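Please read them with the structure open.

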Amino acid sequence: MRRTRQAFEEQLEQLERHLLEMGTFVESMLEKAGRALCQHDVNLARETIAADDTADQMDLQIEQECMRLLALQQPMSRDLRTIGTVMKVIADVERVGDYSVDIARAAIDLAETEYYKPLEDIPRMVEIVRRMLRQALEALVARDLELVRQVIEKDDEVDRLWYKLRGQLEQTMRERPEIVQQAVALLLVARYLERVADHVVNIAERVAYMETGRLEVLAPSHLAEAPSRADAEGDSGPAQE
Amino acid sequence: MSSDANLPIKKPEGEIKLETHDLSLYYDGFHALKNISVYIPARRITALIGPSGCGKSSFLRCFNRMNDLIQSARVTGEVLIDGANVYDRTTDVAALRKRVGMVFQTPNPFPMSIYDNVAYGPRLHGIRERSALDEVVEKSLRGAALWDEVKDTLRKSALDLSGGQQQRLSIARVLAVEPEVLLMDEPCSALDPTATFKIEELMIELMENYTIVIVTHNMYQASRVSQYTGFFLLGDLIEYGDTVQIFENPKDQRTDDYVRGRFG
């Protein structure tokens, strides 16, 4: 009994290790996509796009591991919650990889375009969501509910940046129709980053569930209404991007 | 997660069929059940789990006073069925055991025909008329999901049936005296997976009309069939509650260790 239990615990640890590897890999995809966009680096963008196959492969492999553990070990309680959490979290991590690819594609589309202003808020958003992802994964490994709380708090900051950028880009498009093409691309990138943050919040919520056994929405701000466009424009000041 | 004091027992919603208050059972000087208070809902399946020797079968046997048969056994506290104490001096034990039937670990058919096995109880309770007996035999065998398999061989010896069929015959025999509660003490432990599956299906059908309490060593069986689960350890009822909660998010560290296979 003890030996089989020990083997199972080792398999659970390995499962978490694989998830952590996948998370770190996708985090680097996101970082590279952001850098490719800011630095007009087409090669880096292509590298990011190519990396998605590996992320997808990791996703399938971890899911297979989970299915095997469910079938052979019939886990209960905390073990069951851990495996259920990993299965759910890989879907969110995989989506972060997909958004990184979308950002890399935008980088390729904008490679020959000179930005009408140096990018500021988008690199900031990349940095915040990247840190959120890292913290969420750390929270999972360390079963740290304080880190979960911090991740969820940061989502509000990402949302604020997204609403601000949206207002500014809309205003710039009205004032300078010649930059509409790049403004639309940047608007989409900002939207992708806002969605990445939401997926990271999902991960954090799952970590909390794994630890407490309570399934609940911890980031009710998701449900809150976005500020009206007039409000966003009102305090926008000069267009940033 | 708590791990010392036992958790307070929450009363399930809906009609309560069985309850115990401060129930203790002693075998000579050995305190086998320690101050158990619990509510068992009507027409639901309640599973009792725990390692060997934890008291779950002893607890089950309190409900139909089977422990009376053990000379050294002494019971304190209350065991209620529909609010009446089964350990009251005025309780008719034979009538109690008619209301609270029991199915054991090993099928125990009498060495007689299938028909006579099922008719045994009703005859004992005074039914003599052939047509009435035919009716109760068919109804009970149908209730135990065995009728279709034995309807043409009712006169054959019950000992010729397979293990799974014999266990369903045991259930039919209990159903024949029209009980209200079915106590099942590891009813599938001697059965193969197919026969086990049939008994589990049958339990879920029977739940519509009977209150079922099952002792099982098989946690997966408990999680598959029951709505409420109690975890016993060394004579204590450590945790009792909704089956999903016990297996997904137990509150007590000892329950968590047990359902995760960390001991026992």
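Does Gln165(B) count as buried or exposed, and why? The first point takes this up.

1. Gln165(B) counts as buried because its relative accessibility is 16%; buried means under 20% relative accessible area, exposed over 50%, and partly exposed in between (1.4 Å probe, protein chains only). The residue sits in helix H6 of chain B, residues 163-175. Helices (H or I, at least four residues) and strands (E, at least two) are DSSP runs numbered from the N terminus.

2. This is a predicted model, in which local features need pLDDT of at least 70 and side-chain atom pairs count only at pLDDT 80 or more, while totals for chains, interfaces and linings use all residues. Residues are numbered from 1 along each chain as its sequence is written, chains are lettered from A and ligands numbered from 1 in the order written, and side-chain values use heavy atoms, with hydrogens and water left out.

3. Leaving aside residues up to four places away in sequence, Gln165(B) touches Leu146(B) and Glu149(B), contact meaning heavy atoms within 4.5 Å. With Glu149(B) there is a side-chain polar contact of 2.9 Å. A polar contact is a pair of N or O atoms within 3.5 Å; within protein, one must be able to donate a hydrogen and the other to accept it, and residues adjacent in sequence count only if both atoms are side-chain atoms.

4. The contact between the chains draws on 14 residues from chain B and 15 residues from chain A. In chain B, Tyr220(B), Glu248(B) and Arg260(B) lose the most area to chain A, together 48% of what that side buries. The area buried between the two chains is about 1200 Å², with carbon and sulfur atoms giving 46%; buried area is the accessible area (1.4 Å probe) that two parts lose on being put together, summed over both.

5. Two salt bridges are counted between chain B and chain A, a salt bridge being a side-chain nitrogen of Lys or Arg within 4 Å of a carboxyl oxygen of Asp or Glu. Arg262(B) forms a salt bridge with Glu9(A), with the closest N and O atoms 2.8 Å apart. Helices H8 (219-225), H9 (243-248) and H10 (253-259) of chain B each supply at least two residues of the side that touches chain A. The largest share of that side, three residues, comes from H8(B).

6. Chain A has seven helices and zero strands. Of its 241 residues, 49% count as buried.
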